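Work through the exercises below with the sequence and the structure open beside you. Try each task on your own before you read its solution.

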Amino acid sequence: MMIVQRGIPLFPISPAPQFRPTPPIALLHHRPYPPPLSPVKISDRVEVRKVCRYNLKAELAVIQTLIRTGFRVASFDTEFPGTVVPSKVPRHLISQAGPADVYEMMKANVDKTHIIQLGLSLCDPCGNLPVYDGAYCCWEFNFSDFDVECDDHMRNSDSIDLLERQGIDFSENRATGICSADFAEEIVRSGLAQLLPCLTWATFQCAYDFGYLVKVFSGKKELPEDVNGFMSHVKAYFGHKVYDIKYMMRYCDRLFGGLDRVAETLGVCRVAGSSHQAGSDSLLTLQTFIKILNMEKSKGKELSEIKRYPYAHVYEYSKLFLLLFSYELHRQLGLLDISHHIFVNAVDPDVVETKMMREFPPCLSSLAFKILRSCLLQSPEVGIGSILDAVVAPPLAKHRSGERI
């Protein structure tokens, strides 16, 4: 879900000295995607570009150039030493846990462990991957912070064994990997810090991924104390256009399970690397996201080609979405420390006689109206009364400051 929120500071009030980006120019958020400077490049191979301390600057320069030329849809994935702090919520109730409980568990684990890998993939709004050095590419950043030989570095042994089987070389990472503090510093120096909030982000169950990056970018050993403080950092560093496929799956038929299962269901193949490698997982996440978007676009095209337009179905969902949008706008503004004059009143006018049944055969709609008139049906003049009452009603909620909104 994309949430656009105006008025929030672009970056936390007092970010850590190690990561002090300059807020991007406001126009960057509203500037349309630039047209391609040349026809879309095509390649017959895909490369996961390995990034270590020796080629970090060069690869970040490539990424920055690609973003500036129109590749502004991104996905990322992290690999880490697993969970080391058990959840206080019983396993069978985790899916029902609230945001505060989920954040408490994530924070406890991220605070005690180190990032191992970061994968990054880019595409343009049409889903085209960038071509560099003759191949479609994504990136895999290897970090040196985690030392598998150090007992003080907490880890889940099963997770470490899995990552080793998937090809991660911890000794090599320790010798040639990137220090996370140097990574954050170079992100700022290269100018990427200004571009990250302008991207559209595709993720899959991204709480831990954002957790580790907020920890790296803030330069602190611990995440903020509460979920609100954490989300302010996420919005500051990455902007407001974040999609989580795990959340989107709730509204898609036949989609469940982990990333590999969802991709397989949609017919998306892993074209480079293997699972539990950050670069490969980020690319699979991006391709799966694009596939879902294309499916939704196809549904819209099919709807436009229907000979008999489904008035009732479209009416039902359009009104629901308007209500949800208004409620979300009200909720987001309520999080700000300023008063505003937007409020939401939802009202049910009951059953009102309209032309919504015109898609049905006239004999059926006429019979239905006759039956409804005898017990429930109201005239449009009576039905509009409750709506007008809601429009002119005074606001009922109060801002945290006590002011009426």
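**Exercise 1. Find the salt bridge that joins Arg270 to Asp281, and state how exposed each partner is.**

Solution. Begin with the two side chains: Arg270 and Asp281 meet in a salt bridge with an N to O distance of 2.8 Å, where a salt bridge is a side-chain nitrogen of Lys or Arg within 4 Å of a carboxyl oxygen of Asp or Glu. Helices (H or I, at least four residues) and strands (E, at least two) are DSSP runs, numbered from the N terminus. Finally, compare the accessibilities with the cut-offs, by which buried means under 20% relative accessible area, exposed over 50%, and partly exposed in between (1.4 Å probe, protein chains only). Arg270 is partly exposed because its relative accessible area is 24%, and Asp281 is buried because its value is 7%.

The model is a predicted one, in which local features need pLDDT of at least 70 and side-chain atom pairs count only at pLDDT 80 or more, while totals for chains, interfaces and linings use all residues. Residues are numbered from 1 along each chain as its sequence is written, and side-chain values use heavy atoms, with hydrogens and water left out.

**Exercise 2. Which residues are linked with Glu47 in a network of salt bridges, and how many salt bridges does the whole structure hold?**

Solution. The network links Glu47, Arg49, Glu59 and Asp133. Glu47 counts as partly exposed because its relative accessible area is 26%, while Arg49 counts as buried because its relative accessibility is 10%. A search of the whole structure gives 9 salt bridges.

**Exercise 3. Locate the partners of the salt bridge between Arg174 and Asp147.**

Solution. The closest N and O atoms of Arg174 and Asp147 are 3.7 Å apart. This pair links distant parts of the chain, with Arg174 in helix α5 (residues 170-176) and Asp147 in the loop between β5 (135-142) and α4 (157-165), 27 residues apart. Arg174 is partly exposed because its relative accessibility is 38%, and Asp147 is buried because its relative accessible area is 18%.

**Exercise 4. Describe helix α3 and say what covers its buried residues.**

Solution. First take the length: α3 (residues 99-112) has 14 residues and reaches 20 Å from its first C-alpha to its last, close to the 20 Å expected at 1.5 Å a residue; the expected span is 1.5 Å times one less than the number of residues. Then list the buried residues of α3, which are Tyr103, Met106, Lys107, Asn109, Val110 and Asp111. Their cover includes α8 (207-218) and α9 (227-238). Glu104 also lies in α3, but it counts as partly exposed because its relative accessibility is 39%. The C-alpha atoms of Glu104 and Glu225 are separated by 8.5 Å, although the two residues are 121 residues apart along the chain.

**Exercise 5. Which strands pair with β6, and which way do the residues of β6 point?**

Solution. Two strands pair if DSSP finds at least two bridges between them. Strand β2 (residues 73-79) runs parallel to β6 and is joined to it by 3 bridges, with Val73 opposite Thr200. Strand β7 (residues 242-244) also pairs with β6 in the parallel sense over 3 bridges, and here Ala202 stands opposite Tyr243. In β6 (residues 200-203), Thr200 and Ala202 point one way, Trp201 and Thr203 point the other way, and all are buried. In a regular strand the side chains alternate between the two faces of the sheet.

**Exercise 6. Is Glu186 buried or exposed, and which residues does Glu186 touch?**

Solution. Glu186 is found in helix α6 (residues 180-190), and it counts as buried because its relative accessibility is 7%. Leaving aside residues up to four places away in sequence, Glu186 touches Leu56, Lys57 and Leu60, where contact means heavy atoms within 4.5 Å.
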